Amino acid sequence: MLKPKHYFLLPALVTLAAIILFPLLFTVRVSFSSWDVYQAGLDYIGGKNYLRVFADGRFWESLMRLSSLSLITVTLQYVLGFALALAVWKEVKGQRIFRVLFLIPMMTTPVVMSVIWRTMLHESLGPTNDILSMIGIGPVPWLSSAAGAFISVIMVEVWQWTPFMFLLLLAGLVSLPKEPYLAAAIDGAGPWRTFWQVTFPLMAPVSIGAVIIRLIEASKIMDTVYVLTSGGPGTATETPSYYIYIRGLRDFQVGYSAALSLTYLVLMIITLTIIAKLLMRFLVGKEA
Amino acid sequence: MRRTYQTAKYLCLLGWSTFVVFPFLWALSTSFKDANAVTSGATYIPWLEFEPSTKGWQSLFASGSQGINIVTPFINSTMVTLIASVISLILGTLAAYGLSRYQFRAGFVKNSDITFFFISQRIMPPIVLAIPFFLMLKEIGGLDTIAGLVLVYIALLLPIAVWVMIDFFGSIPPELDEMAMIDGCTPIGAFFRVILPNSVAGIVVAGMFCLIFGWNDFFFAFILTFTKTQLLPVAIVSLNSSVTPWWSLSAFALISVTPLALVAVVVERFMSRGSLAGAFR
């Protein structure tokens, strides 16, 4: 029987399930087939694709790369975002201009800004090396060396998404209660102690939320890599998403890429759940 | 001591501001360059360091083989983003209200599981769904069409709308609904007459997030469209891979990021008033 409450929930639930569930189930089925560019179709080859995933070094390397990439970028974003939020939290001159300015990068399209960053990181014609040469640093091979490309991706990700951390953390700071600060002032705590004993603990829930949201988004890194480095040089900046894209949509190994996708998805869910639980335990001191 | 601290703080703020603004200024400067100015190394200030030219901007609106068409992708992007955002907002708001006010139970599935089903869609990497979406849209004739993209974008944006609105409705006291129903409203009447008018702030925040993630998506648009229904991000990437000059690229990039950069002003306003706090718990 449909009651009024069902009129609220069902339209969205049915729509989302219809759009998501079929493709997901289809992916599961395809991952057990040998569907490729020579022969399209749903045959059944058992778990062969998954055995191949297990032995695919390039895939596991891309996962390791993604782990370090997302840990480094999210840590940088959190520290910078928190520092910036603290800096414009209380009265400062030009507060609103700074706040608006700091938000802008997250509103811009990642691939579009990556196109601009590519011109900026150009070895001989870009401004980055031009400015570095003024302080005596020789031309840095930003996009043509493995280390340079990795740093470039980190830099662009930090530029793009620190604003998101900043937004969540500042929204949290703005709504903090006043009383603990009065108490700290009466106790004669300086700014440093007030931060570690009042602000940081009060901000723990917001911090955890923000870090987890960013880790989720970072686990999907693909747009920046696609435009900036195409996974290169070699496979130096290849992330799992990009590798699966190459296997699935360039080589058209549909069956194998489905198996890769599902392995990737399951690993992401497990890892992110563990990280979320650990963060909860360490920062809030309670079971999630 | 306090003075040095203040000075250091401003230096940091200005330093970060420079980092944030530099790509835009570089793009603006480059968009007025010509071949000579670009190939002679990095220059920044027009008139002083190079003679400005408007060739880049003109090329975006010129017709014929010289021209790069920005108007059609711009209209496509606007339509897809707006339609998908509005549908997601309507469905998401209704669902979030239902989940925040009523108990649902189907076997072992409870409210929190349904909420998790919605929100967990954000974990899904786009690549996992890309190939099945491609085959599915091919089957129903939705490849390279606005309608097909809207369908996919709803899956992308609906979880965001539900996520923001559930927390928002949690901050509206249920007594408000009860009073409306005592006054003779049906549950649906109470929602439209009492709750909805009080939810504008939440809907604006959810709407902004839908616009941001819709307008900025690249991957699905890239895989599910070819030439007929090109969106802005796809158009600029296809320019990037050909031999398009930097001045046209820069002008193109500036036009495609400006509309949403203006949204930052609105977001700041809501944040300062504390309206965002409830949305991010």
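1. In this predicted model, helices H10(B) and H14(B) cross in a left-handed sense. H10 of chain B spans residues 200-216 and H14 of chain B spans residues 263-272; the two pack at an angle of about 145°, with their axes 11 Å apart.

2. On the H10(B) side, this packing involves Ala201(B), Val204(B), Val205(B), Met208(B), Leu211(B) and Ile212(B), which meet Val263(B), Val266(B), Val267(B) and Phe270(B) of H14(B). By class, the contact comprises 10 nonpolar residues, with no polar and no charged ones.

3. Between the chains, 72 residues of chain A are in contact with 78 residues of chain B. Helix H1 of chain B (residues 2-30) makes the greatest contribution to the chain B side, namely 12 residues. That side of chain B consists of 61 nonpolar, 13 polar and 4 charged residues.

4. For chain A, an unreviewed UniProt entry lists residues 7-26, 66-88, 100-119, 131-151, 158-176, 196-216 and 254-276 under "transmembrane region". In the model, residues 66-88 of chain A are 96% helix and 0% strand, and the C-alpha atoms at the ends lie 32 Å apart. For residues 196-216 of chain A the values are 95% helix and 0% strand, with an end-to-end C-alpha distance of 27 Å.

5. Ala62(B) lies in the loop that links helix H3 (55-61) to helix H4 (71-101) of chain B. Ala62(B) has 13 other C-beta atoms within 10 Å and is therefore partly exposed.

Terms used. Residues numbered from 1 in each chain as written. Chains lettered and ligands numbered in written order. Predicted model: local features only at pLDDT ≥ 70, side-chain atom pairs only at ≥ 80, totals over all residues. UniProt positions renumbered as here; feature names shortened; annotations may be inferred. Helix = DSSP H or I, 4+ residues; strand = E, 2+ residues; numbered from the N terminus. Contact = placed C-beta atoms within 7 Å. Nonpolar A, V, L, I, M, F, W, Y, C, P; charged D, E, K, R; others polar. Buried ≥ 20, exposed ≤ 12 C-beta atoms within 10 Å, placed from the backbone. Axes fitted to C-alpha atoms, helices over the stretch in contact; angles between N-to-C directions. Left-handed = near helix turned anticlockwise from the far one by under 90°.
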